[in-house]
Every structure is written in structure tokens, then in C-alpha cells.
Amino acid sequence: MQLKGKVHKFGADVNTDVIIPARYLNVSEPGELAKHCMEDIDPKFTAKVKFGDVIVATTNFGCGSSREHAPLAIKACGVSCIIAQSFARIFFRNAINIGLPLLEYTESLDVIEDGDILEVDLSTGVIKNITKNKTVMANPYPEFMMDIIDANGLIEYTKHRLQEI
Amino acid sequence: MRTLAERILAAHSDKRKVNINEFVNVKVDMVLSNDVTAPLAIKEFRRLGVSKVFDPKKVIMVPDHFCPNKDIQSAEQAKLVREFTKEQGINYFEVGRMGIEHVLLPEQGFVLPRQVIVGADSHTCTYGALGAFATGMGSTDVSVAMATGEIWMRVPPTIKFVYHGKLPEWVGGKDLILYTIGDIGVDGALYSVMEFGGEAIDGLPMDGRFTMANMAIEAGAKAGMFKVDDKTEEYVKEHSLQYHPERMEESRSDENTEYSKIIEYDVSKIEPQVAFPHIPSNTRPVSQAGGVELDQVLIGGCTNGRLGDLRMAAKFLQGKQIHSNLRCIILPGSQKVYLDALREGLIEIFIEAEAVVSTPTCGPCLGGHMGVLAAGERCLSTTNRNFVGRMGSPKSEVYLAGPAVAAASAILGRIASPEEVMH
């Protein structure tokens with residue numbers, strides 16, 4: 001699957017308190033959550049982000065709380081995938097489970113800057129920086145996780161498994 | 001020998017042994033969620049098309065985050081959760097009968113060594129203090145666990161942390177874990193289990209172990225575990241009707257265990273710690289805190305809201321008043337803790353000291369209610385996270401510490417070392 005969008009670049013330890021502050025956790029509709037995505041780290045993010053855009057970050061993206069509202073808010077903003085050097089484990093699980101693609105790229109992210117246009121192929125992990133004319137390769141998913149992603153999330157994956165029994 | 005975590009996960013996936021990084025389907029002993037995470041989990045549960053949870057005795061929901069309800073939307077969420085628990089016959093503790101989930105569950109006997117517990121709350125790792133494999137997950141994962149009694153996991157490696165020596169005065173579990181997170185960073189144990197041991201741990205009371213396990217997630221860990229010893233047995237015997245001596249035996253040993261890394265500390269060199277804004281790893285000894293002036297002090301929560309923590313705070317506050325420039329909020333972790341504290345005269349000490357005493361709730365810890373901060377305000381708290389906007393305004397600051405530092409700071413109106421108040 002091919003994605004194309006503009007980069008919104010963040011640094012290390014982008015945590016769930018800034019992705020979606022707890023004061024907004026009294027609702028769970030993705031559309032409502034999206035209005036406050038990244039509010040405490042970049043108040044202009046919700047105005048800037050367009051459907052198909054990509055978030056790029058360094059290490060430990062999504063650390064902190066287990067709130068699934070965090071990847072839900074990001075996905076509802078139209079973000080098509082997140083590329084980071086490493087992900088916090090609960091956020092990683094949540095994103096896979098709700099069908100928000102993540103790519104792990106462990107090398108230096110100097111090759112991708114805020115505002116660059118990227119073309120991302122999720123099945124091969126190839127990331128093409130159209131603006132800088134550079135191509136890099138993300139880490140492939142373990143096979144088990146590909147099964148969940150191919151099924152479009154954990155609920156669909158589990159439904160199939162339950163029907164097989 | 002395999003680690004505690006590997007042995008527990010193997011037993012729960014019907015395998016003789018499991019390998020690090022292997023994906024397994026793990027049977028769970030308890031599935032937990034709260035008033036903020038359960039609404040999403042219930043919605044996903046319905047989408048699965050399953051009518052009943054796999055075993056109502058093994059599912060629990062606790063209304064602790066925004067309860068007693070802080071606004072209409074929170075009340076609607078709490079109502080949804082309440083009605084689901086009635087429909088399914090699952091464990092539920094209403095306000096007035098409950099506690100903050102990570103204080104309540106062990107206290108009510110829901111946690112045993114060698115169990116697997118998953119919860120839609122990142123601090124589910126708290127139960128590792130009793131030798132269980134306990135880990136936080138999201139609402140969708142928890143909905144699948146509730147429906148099927150199983151959830152997928154990747155078998156984690158274990159890093160061993162050894163704390164040599166005897167704890168100096170005023171240094172407790174909170175200081176040890178803050179020191180550790182300051183040392184290894186907020187992703188220093190990413191995807192791993194942190195296993196805590198050593199002479200200082202052997203002497204650490206259960207309250208301190210819960211504190212340490214609670215904050216394993218702040219180093220990125222999947223779980224924070226202790227092996228079973230006499231203190232564990234004593235706690236389980238006191239709180240659970242299901243005391244199994246054989247279970248205890250299997251988890252007592254850690255000789256010749258294969259750890260991915262061993263990190264050692266000499267606790268005689270560790271002072272009470274403070275984590276500065278805006279990340280739990282931004283730690284320094286309290287003697288280097290520089291007397292930062294405070295607007296609020298929070299003592300309690302799931303990290304340090306147990307009776308031992310309140311006793312420590314009362315030691316300092318007895319016969320004194322908190323500084324006129326600040327507010328102090330005491331947050332007992334459960335109704336039982338509150339009542340025990342009341343009967344011991346601690347609540348009287350707090351109120352005479354002019355502190356607020358709250359009903360158990362997560363409330364201010366995550367900027368929900370009962371002590372939210374305005375722009376420019378600073379709070380020193382015994383809770384577990386201090387990212388930007390954690391307790392309210394993105395322009396407020398949160399400092400993390402243990403109850404001794406918190407109580408001393410409440411008296412002096414600024415970050416203070418326990419020794420400044422108790423010489």
C-alpha cells in the first residue's frame with residue numbers, strides 16, 4: 001500500500017499526555033479527540049495537518065499512558081502513518097490494533113525534515129523523500145504483526161479467529 | 001534458568017518453555033479497565049460479536065480516574081461502565097467502596113504470585129510487586145482479553161536491577177525507582193521486564209515494592225517484578241483467601257537466571273530524589289533541588305497512596321502546619337487506606353495541618369479534577385508522571401518525589417530535604 005504526504009517532524013519522547021491531554025479523555029469519539037491532537041506541544045498542529053500527512057519522530061514515540069485515545073486522535077487527524085526511530089510498547093500495540101501504520105527506522109533522521117514530501121510503501125517499508133530525492137528502508141514487521149495489519153486491526157483479526165473455531 | 005517472566009508466560013501459554021521475542025497467546029487471570037479506558041473497550045467488545053465475557057470472575061472495572069464524576073461527559077462514561085458490569089456480572093467497585101485501581105486490586109486479594117494480569121492502564125505493572133506478570137495495554141487489547149480470556153504477547157527479555165546495601169534514612173522505594181529511571185532514561189528498559197532485587201529490596205516493605213513496580217512503565221518497561229519472599233507471603237495471606245504455598249515456592253529463586261543485563265547500585269550513595277519537569281528521568285538528589293517554590297503538594301495516588309506512605313507524611317506533618325503559600329492535597333489510595341489512616345489518627349493530623357483530604361481518585365495526577373494547576377503553578381507530587389500539561393495547564397510544572405520529601409516540602413513551601421524538617 002502506497003502513502004504520500006507532508007512530514008510533521010517531532011523529537012524524542014513525544015508522550016501521550018501531549019498527544020491527547022487527559023482533560024479530553026471524558027469523550028472517546030475519534031472526531032472529537034482529533035480536535036485536540038498535539039495541543040500542548042504544537043497548538044497549530046490540528047490546523048496544519050492534512051489528510052495523508054506523515055508524522056516523523058526520533059526515539060520513544062508515544063511513551064507514557066496506555067490511552068488508545070492517542071493513536072485514535074492521530075489517525076482521526078488524517079495522519080497516514082508514523083515513522084520513528086523507536087516506539088513505546090503500549091502505543092505500538094494500540095496503533096497496530098486500530099490500523100494506524102507505524103514504521104521503525106533506526107538510522108539518523110537527518111534525511112527527513114519537517115515539510116518534506118514522502119512516499120511510503122507499507123508492504124516493502126521503502127520511504128522515498130521526494131523533496132530531498134533520498135530513499136531509505138524501514139524495518140520489516142514480524143510476520144505475526146503483519147497478520148493483524150493485513151486484517152485491518154485486532155478486532156477483525158480476532159473475529160476471523162473466533163469464526164474458525 | 002529461565003526468568004520469572006518467561007516461566008510465567010510459558011505456563012500461561014501451555015508451553016514447556018518460551019523464547020525471548022517469541023509471539024505467544026497468553027491466558028490471563030485478570031483483565032482490568034477503568035472509567036476512562038473501559039468505554040472504548042466495551043465498544044470494541046460489542047464489535048467482536050461476543051455476548052459474554054470469558055469469565056466474569058476474571059474481569060474487573062474500577063471507576064477511579066474521573067470519579068466521583070467531574071462533569072456530565074465523565075458521568076455518561078461511568079454510567080456506561082456501570083451498566084456493562086451489571087449486564088455481565090463482572091467485578092465492580094463503586095465510589096465509596098473502591099480505591100485507585102492499583103491500590104485496590106492487591107488490597108482486595110485479586111493479585112497472586114505467578115498470575116498474568118493485563119489492564120487498560122499503563123500502571124498495571126504495579127502488581128509485579130507480588131511476583132505476578134502484570135502489564136498495561138490499550139482498550140482494544142483488553143476487549144479481546146475480556147472476550148477470549150487470551151491476548152497476544154511478545155516474550156520480553158529481563159534486565160536485573162540489584163540494589164546493594166541498606167537504605168539510608170528517608171530513602172524509600174520512590175527514591176530508588178526515580179534514581180533508576182534517572183540513570184537509564186525513560187526508554188532504558190524499553191520492551192523489557194525490570195526485575196528488582198538485592199539486599200535493599202529484601203528489606204523494602206510491600207508498599208515500597210508497589211511503588212517501584214508502579215513506575216517500571218516510566219522506564220519503558222513491559223513489567224516490573226519482584227521475586228516472592230516472606231514479605232510477599234505475608235501480604236498475600238493477609239489479603240487473599242487464595243493463598244497457595246506451592247505457588248510461592250516456584251517464584252522464590254532466581255539463582256543462575258539468564259538476564260539480558262544486570263545493573264547494580266549501591267544504595268548508601270542514593271539520596272532522596274526529585275524528578276524535575278517535564279520528564280520522569282530528569283532526576284537529581286533533593287539536596288541539589290535549589291529550593292524551588294511550590295504552589296501545591298500532592299501526597300498519595302497509586303504510586304504512594306498506601307498506609308505506609310500516609311504514615312510517613314504524618315510523621316512530618318504532626319503538630320505542624322503546611323506553608324501558608326501552598327495547598328496540600330492528601331490522596332489516600334483506597335477506602336480501606338483512608339479508614340485505617342483515620343483510625344490511626346493520621347487524617348486528624350492532616351486536617352489540623354490544613355491539608356485537603358480527598359476521597360480516593362486519580363483526579364489531579366492526570367489533570368482531571370481535585371487539584372488541577374493553573375499556568376505558572378508548580379506542584380510537587382508523589383505521583384508518577386510529569387510531562388507537559390500532566391496536571392493541568394501546559395504552562396504548569398510537576399516535580400515528582402516520595403512522601404518524605406513531599407511532606408517536608410509542604411511545610412517549608414519549597415522543595416525541601418526531609419532532614420531540613422526532621423533533624
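This is a predicted model: local features need pLDDT of at least 70, side-chain atom pairs count only at pLDDT 80 or more; totals for chains, interfaces and linings use all residues.

Q: Which residues in α3(B) are buried?
A: They are B:Ser74, B:Gln77, B:Ala78, B:Val81, B:Phe84 and B:Thr85. These residues cover an arc of only 125° around the axis, so they sit on the same side of α3(B).

Q: And what is exposed on the other side of α3(B)?
A: There, B:Ile72, B:Glu83, B:Lys86 and B:Glu87 are exposed.

Q: What should the span of helix α3 be, and how far apart are its end C-alpha atoms?
A: Helix α3 of chain B has 17 residues, 72–88, and at 1.5 Å a residue it should span 24 Å. Its end C-alpha atoms are 24 Å apart, which agrees with that expectation.

Q: What comes just after α3(B)?
A: B:Gly89 is found there, with a positive phi of about 70°.

Q: New topic: how do α6 and α8 of chain B cross?
A: The axes of α6 (residues 173–184) and α8 (residues 206–214) of chain B come within 8 Å and cross at roughly 25°. An angle under 35 degrees counts as roughly parallel, so α6(B) is roughly parallel to α8(B).

Q: Is that crossing left-handed or right-handed?
A: The crossing of α6(B) and α8(B) is right-handed.

Q: Which residues meet there?
A: From α6(B), B:Gly173, B:Lys174, B:Leu176 and B:Ile177 meet B:Gly208, B:Arg209, B:Thr211 and B:Met212 of α8(B).

Terms used
Residues are numbered from 1 along each chain as its sequence is written. Chains are lettered from A and ligands numbered from 1 in the order in which they are written. Helices (H or I, at least four residues) and strands (E, at least two) are DSSP runs, numbered from the N terminus. The expected span of a helix is 1.5 Å times one less than its number of residues. A residue is buried if 20 or more other C-beta atoms lie within 10 Å of its own, exposed if 12 or fewer, and partly exposed in between; C-beta atoms are placed from the backbone. The arc is that of the directions from the helix axis to the C-beta atoms. Axes are lines fitted to C-alpha atoms, for helices over the stretch in contact, and angles run from 0 to 180 degrees between N-to-C directions. Angles under 35 degrees count as roughly parallel, over 145 as roughly antiparallel, 65 to 115 as roughly perpendicular and the rest as oblique. A crossing is left-handed if the near helix is turned anticlockwise from the far one by less than a right angle, and right-handed if clockwise. Two residues are in contact if their C-beta atoms, placed from the backbone, lie within 7 Å.
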